[in-house]
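Below is a short briefing on a predicted two-chain model.

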Protein chains: 2
Amino acid sequence: MKLRERVGLNVRNLRSSRGLSQEQLALAADVDRSYISEIELAKNSASIDVLERIALALEIDPQELLNKRG
Amino acid sequence: MKLRERVGLNVRNLRSSRGLSQEQLALAADVDRSYISEIELAKNSASIDVLERIALALEIDPQELLNKRG
């Protein structure tokens with residue numbers, strides 16, 4: 001599995017487990033809703049700065065976004 | 001400490017501990033030497049795909065690049 005796929009699954013799972021929509025996460029992380037969608041579907045290669053903002057919005061350490069369990 | 005600073009320190013420490021120059025790591029990861037330097041100095045926000053290539057070149061799991069210990 002490519003790293004961007006791993007990150008996409010983690011973002012989706014962590015977001016869903018918090019009951020957040022893509023739009024809500026996008027607002028909290030200050031990125032476009034479509035960008036969250038693309039990250040979850042592994043359609044783009046997010047930057048460290050964006051991962052940091054997503055982790056902050058999800059209240060997790062950024063390292064969790066790279067966890068191997070999907 | 002911003003995430004890109006954490007990543008920069010980890011790349012530098014892991015690279016040095018393997019006795020690799022920036023140029024050698026750049027070659028192995030298929031990126032420009034200047035790009036490795038910028039990542040180490042936290043001057044840019046590397047993408048997931050680049051982190052994956054650097055981790056592969058360093059023979060580590062990409063998650064290690066986000067470790068909190070510098």
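Helix α4 (residues 48–58) of chain A is largely enclosed by the rest of the structure, because eight of its 11 residues are buried. Buried here means under 20% relative accessible area with a 1.4 Å probe, protein chains only; helices are DSSP runs of H or I of at least four residues, numbered from the N terminus. The model is predicted: local features need pLDDT of at least 70 and side-chain atom pairs count only at pLDDT 80 or more, while totals for chains, interfaces and linings use all residues. Residues are numbered from 1 along each chain as its sequence is written, chains are lettered from A in the order in which they are written, and side-chain values use heavy atoms, with hydrogens and water left out.

**Helix α4 of chain A**
- The buried residues of α4(A) are Ile48(A), Asp49(A), Val50(A), Leu51(A), Glu52(A), Ile54(A), Ala55(A) and Leu58(A).
- Their cover includes α1 (3–17), α2 (22–29) and α3 (33–40) of chain A, and also α1 and α4 of chain B.

**Symmetry**
- Chain B is superposed on chain A by a rotation of 180 degrees with 0.0 Å of shift along the axis, at an RMSD of 0.0 Å (least squares on C-alpha atoms of residues with pLDDT of at least 70 in both copies).
- This is the relation of a two-fold axis.
- Within chain B, the residue closest to the rotation axis is Ser47(B), its C-alpha lying at 2.0 Å.

**Interface area and composition**
- In chain B, 19 residues are in contact with 19 residues of chain A (contact means heavy atoms within 4.5 Å).
- The two copies meet through the same surface, because 100% of the interface residues of chain B are also interface residues in chain A.
- Between them the chains bury about 1800 Å², 52% of it on carbon and sulfur atoms; this is the accessible area (1.4 Å probe) lost on putting the two parts together, summed over both.
- Leu3(B), Ile48(B) and Gln63(B) supply 35% of the area that chain B buries against chain A, more than any other three residues.

- The interface holds eight salt bridges, each a side-chain nitrogen of Lys or Arg within 4 Å of a carboxyl oxygen of Asp or Glu.
- One of them joins Arg4(A) to Asp49(B), with the closest N and O atoms 2.5 Å apart.
- On the side of chain B that touches chain A, α1 (3–17) and α4 (48–58) each supply at least two residues.

Terms used. Buried means under 20% relative accessible area, exposed over 50%, partly exposed in between (1.4 Å probe, protein chains only).
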